Amino acid sequence: IESRTIGVVDVRQTETMKMANHRLILPAGSDAELLDTIIAELEGKSLIKDTILGIPGSELIGFVRGLQKSDCTVIFYGNGVINSGNQDADTQYKSHR
């Protein structure tokens, strides 16, 4: 039996979060900071302390560990990530695709 893990990141509670294993709700406009934190953690340059963007550190670390353990990761994103208002960050993240 295969298992799936679903992680949802949004600025508000959504219907999709009801089925997710990891639910991260963050302040509007903070998506670039969250991505910086996730990338740093994946690269072994952890920035995660007690709380990041109102998310408990242990919850965020669990989310990142799930990404690290997966054989296949699919990321769906909406306009929030693309239009964060931070042009430098937008260019950086588009180049990671």
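Begin by selecting Cys-72, which sits in the loop that runs between helix H2 (57-69) and helix H3 (79-82); helices here are DSSP runs of H or I with at least four residues, strands are runs of E with at least two, and both are numbered from the N terminus. The model is a predicted one, in which local features need pLDDT of at least 70 and side-chain atom pairs count only at pLDDT 80 or more, while totals for chains, interfaces and linings use all residues. Residues are numbered from 1 along each chain as its sequence is written, and side-chain values use heavy atoms, with hydrogens and water left out.

Stay with Cys-72 and colour by accessibility: this residue counts as exposed because its relative accessibility is 63%, where exposed means over 50% relative accessible area, buried under 20%, and partly exposed in between, with a 1.4 Å probe and protein chains only.

**The whole chain**

Zoom out and display the cartoon, which shows four helices and four strands, arranged along the sequence as β-β-α-β-β-α-α-α. Of the 97 residues of the chain, 28% count as buried. Among the contacts (heavy atoms within 4.5 Å) with a separation of 6 or more, 35% come from residues 24 or more positions apart.

**The nonpolar core**

Next select Leu-24, Leu-26, Leu-34, Ile-38, Ile-48, Ile-52, Leu-53, Ile-55, Leu-60, Phe-63 and Val-64, the 11 residues that make up the largest nonpolar core. Such a core is a set of buried Ala, Val, Leu, Ile, Met, Phe, Trp, Tyr and Cys residues joined through side-chain atoms within 4.5 Å. Helix H1 (31-42) and H2 each supply at least two residues of this core, and H2 gives the most to it, with three residues. In soluble globular proteins, nonpolar side chains tend to be buried together.

Within this group, centre the view on Phe-63, which, apart from residues up to four places away in sequence, touches Gly-7, Val-9, His-22, Leu-24 and Ile-38. Then move to Leu-53, in the loop between strand S3 (51-52) and strand S4 (55-56), and check its backbone: Leu-53 is not a glycine, yet it has a positive phi of about 55°. Most residues other than glycine have a negative phi, and most peptide bonds are trans.

**Along helix H1**

Now select H1, whose 12 residues reach 16 Å from the first C-alpha to the last, close to the 16 Å expected at 1.5 Å a residue, the expected span being 1.5 Å times one less than the number of residues. The buried residues of H1 are Asp-31, Ala-32, Leu-34, Thr-37, Ile-38, Ala-40 and Glu-41.

Leaving aside neighbours within four places in sequence, Leu-42 is in contact with Val-64 and Gln-68. After H1 comes Gly-44, with a positive phi near 80°.

**Salt bridges**

Finish with the charged side chains, which form four salt bridges, each a side-chain nitrogen of Lys or Arg within 4 Å of a carboxyl oxygen of Asp or Glu. They include Arg-12 with Asp-10 at 3.8 Å, N to O, where Asp-10 is partly exposed at 24% relative accessibility. Glu-15 and Lys-18 meet at 3.1 Å, and both are exposed. Glu-43 pairs with Lys-45 at 3.5 Å between the closest N and O atoms, Lys-45 being exposed at 54% relative accessibility.
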